[in-house]
Amino acid sequence: MSVSRPEPTTRLTVAQAVVSYLSHQYSDADGERRRLIPATCGIFGHGNVAGLGQALDQFSDRMPFVQGRNEQALVHLATGYAKHARRHATLAVTASIGPGALNMVTGAGLATVNRLPVLLLPGDSYATRRQGPVLQQLQHPIEADTSVNDAFRPVSRFFDRITRPEQLLTALPAAMRVLTDPAHTGAVVLSLPQDVQSHAYDFPTALFRDTVWRILRPAADPDEVAQVASLLAEARRPLIIAGGGVNYSGATAELERLAELAGVPVVETFGGKGAVQQRAWWQLGGIGLEGTPAVNELAREADFILTVGSRLTDFATASHSLFQHPDVRFAGINLDVQDAGRLGAVGIVADAKRALAALADEVEARRIAAPADWRQRVEAAHARWVPVRAQAIDPGMPFDKSAVPADSDVVTDTDAVLTQGQLIGVLQEHARPGDTVIAAAGGPPGDLQKVWDATEGRHCHLEFGFSCMGYELPAAIGVRLAEPRPETRVTAFIGDGTFLMAPTELVTAAQERAAVTIVIAENHGYQVIHRLQMGRNGAEFGNEFRYRNSALDLTDGKPTRLESDYLDVDLVSVAAGLGARAIRATTADEVAEALDSTRDHQGPVVIVVPVIPHADLPGAGVWWDVAPAEVAEQPTVAALRAEYEAGLAEQRWFG
């Protein structure tokens, strides 16, 4: 008679079990094994210091801890890391209960919208409740088990509240599955009540063995591939839209092969920037609201659109007004079945790399190729754009302030001599293969989408799924942690509005000796929204950084507005005070010198460059569904409403 032996156990607290478990998790992508979660970021408070804080201290030899200044920023840091790691690894982030936890909600939304994995470990109110109400407890009047952490539910891909230690046995593996599922990844939240973090339990020792999670590449269905190939064969003016899924899948070579074989031009969304690395006639750049006018001109004429790895947001489709061919048809390649079928598309639900390879094989076997006159049309449109782009970003062509018309919105009385486009031109000249430029909200990502050359390894990391101000600086730290090669440069390109909103992770960059460069285009306001406001209201209000024209007195009822001089803010001193090497550079030569002299600096660098307010790059020539008021006292609004309604008539439904 055999006697079963008891399963070996290890007695740990919940927090110790979480940290130990995470330190033994690995991903496997195409045979490359790496730590799935190699570090944890966080800020300690009473809700996590005695639990997770103690555990991270105990296991610090296997789980390094990155100390931050703002919980939202730390989630952005982890997201930037995950994006640069092509979703094969991410970081964990912990926060205390109450405001610390809630600070992470915005970051969770960004990660989920962009399909990027992050693991969040917020503290939560006591599960035992015998102490209640406790500090920072919500006390919902009719849902006694609700805490502020329930705010994570709609912005997460996976949420679980751990109220007993043994729940980790199923919750931890479930969390890892979501983190490593390319189709459904995003923010994963394990909410950890303060008291439960310190509870001990005899966990199965096997829970803490090394575990490898394969990141799968689902193959394309041959029938779906054949159907899309047939649509391509029938097309006279085909177009490929490359989204972020191309980059995450590492499908650049397969995309380039398909484009070359079929003679189909490729355009890119924000997430897809850099999906094409070759310079070829079919590599055209950005599409949509911040795309090039040449690309948008061609998109209007296209009779077949193949989208790869994109959700096709309103920026890419110009609010469904861009595709105007009467018989246009769509196909989509995506891991997510809903995204594959956008705009009534015929879908290939598969990994982008495998689907593109299969489609290219089918194209080659059937000798499918777009008509020669389409290539001629593409080359002619692109040729018209090339000199316009070159002139707009040429730092050697002085901006003539004296030639600005009197009724122009351009501000000519600051010390700026460069436009933002010219500043980008200097950055472009100094970008080397392996460098990464990062932008998220405001004018910088749109301008980079329009004019940045992201071929030949000059990476362009644009977060525009959530368009979140404050993402760029911490994401740059995350990219640097994921890209430790010292010969590469990681640059966050931001406006002064974004910098003033969230500069404090410069301290984290200094603490970690993270070699990141922050280039601030100082244009005195939230200028991209100013531009939209002028186009929808016809007048500026509340977007520029100006002093109030008289002291604000809320008791006298007298009107007072933010309409005096620009604010006098010393961004260089702010950056230097937070630990950065800070430089103010006004001319193109000074910017070039600042870039050259700081490339090897082992720590954060901030370069502040005044740029001419409202001197914008050429427009994309498309419409966006942002509605002016139907009724208003300002006379400019009625005319702008009429223009809007004319654009509204161009919207189409595709299924």
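Helix axes are lines fitted to C-alpha atoms, taken for helices over the stretch in contact. With that in hand, this briefing covers a predicted model. The salt bridges number 34.

**Helix crossing: H16 and H23**

- Helix H16 spans residues 420–430, and helix H23 spans residues 588–598.
- Their axes come within 10 Å and cross at roughly 40 degrees.
- The crossing of H16 and H23 is right-handed.
- On the H16 side, the contacts are made by Leu423, Val426, Leu427 and His430.
- On the H23 side, they are made by Ala588, Val591, Ala592, Leu595 and Asp596.
- An α-helix has 3.6 residues a turn, so residues three or four places apart point the same way.

**A buried helix: H17**

- Helix H17 covers residues 443–451.
- Nine of its nine residues are buried, so H17 is largely enclosed by the rest of the structure.

- Side chains of opposite charge can pair when their charged atoms come close.
- Aspartate 124 and arginine 161 form a salt bridge, at 2.7 Å from N to O.
- This pair links distant parts of the chain, 37 residues apart.
- Aspartate 124 sits in strand E7 (residues 118–124), and arginine 161 in strand E8 (residues 158–161).
- Both aspartate 124 and arginine 161 are buried.

- Arginine 237 and glutamate 301 meet through their side chains in a salt bridge of 3.0 Å, N to O.
- Arginine 237 lies in the loop between helix H8 (222–234) and strand E12 (238–242), while glutamate 301 lies in helix H11 (residues 293–301), so the pair ties together parts 64 residues apart in sequence.
- Arginine 237 is partly exposed, at a relative accessible area of 34%.
- A salt bridge also joins arginine 377 and glutamate 297, whose closest N and O atoms are 2.5 Å apart.
- Arginine 377 belongs to helix H15 (residues 372–393) and glutamate 297 to helix H11, so this pair ties together parts 80 residues apart in sequence.
- Arginine 377 is partly exposed, with a relative accessible area of 22%.
- Glutamate 297 is partly exposed too, with a value of 24%.
- Shared partners join Arg237, Glu297, Glu301, Arg377 and Arg384 into one network of salt bridges.

**A buried strand residue: Ile518**

- Isoleucine 518 is placed in strand E21 (residues 516–522).
- Its relative accessible area is 0%, so isoleucine 518 counts as buried.
- Isoleucine 518 and valine 605 are 87 residues apart in sequence, yet their C-alpha atoms are 6.0 Å apart in space.
- Valine 605 is also one of the residues that isoleucine 518 touches.
- Other contacts of isoleucine 518, leaving out residues up to four places away in sequence, include Leu473, Ala492, Ile494, Leu506, Val606 and Ile607.

**A nonpolar surface patch**

- Leu500, Tyr547, Leu567, Val569 and Val574 make a nonpolar surface patch of about 350 Å².
- Leucine 500 is found in helix H19 (residues 496–501).
- Patch residues must have over 30% relative accessible area.
- Leucine 500 has 37%, so it is partly exposed.

Key. Residues are numbered from 1 along each chain as its sequence is written. This is a predicted model: local features need pLDDT of at least 70, side-chain atom pairs count only at pLDDT 80 or more; totals for chains, interfaces and linings use all residues. Side-chain values use heavy atoms; hydrogens and water are left out. Patches are made of residues with over 30% relative accessible area and no salt bridge: like charges are joined within 9 Å, nonpolar side chains (Val, Leu, Ile, Met, Phe, Trp, Tyr) within 5 Å. Accessible areas come from the Shrake-Rupley method with a 1.4 Å probe; for residues, only the protein chains shown count as cover. A salt bridge is a side-chain nitrogen of Lys or Arg within 4 Å of a carboxyl oxygen of Asp or Glu. Helices (H or I, at least four residues) and strands (E, at least two) are DSSP runs, numbered from the N terminus. Buried means under 20% relative accessible area, exposed over 50%, partly exposed in between (1.4 Å probe, protein chains only). Axes are lines fitted to C-alpha atoms, for helices over the stretch in contact, and angles run from 0 to 180 degrees between N-to-C directions. A crossing is left-handed if the near helix is turned anticlockwise from the far one by less than a right angle, and right-handed if clockwise. Contact means heavy atoms within 4.5 Å.
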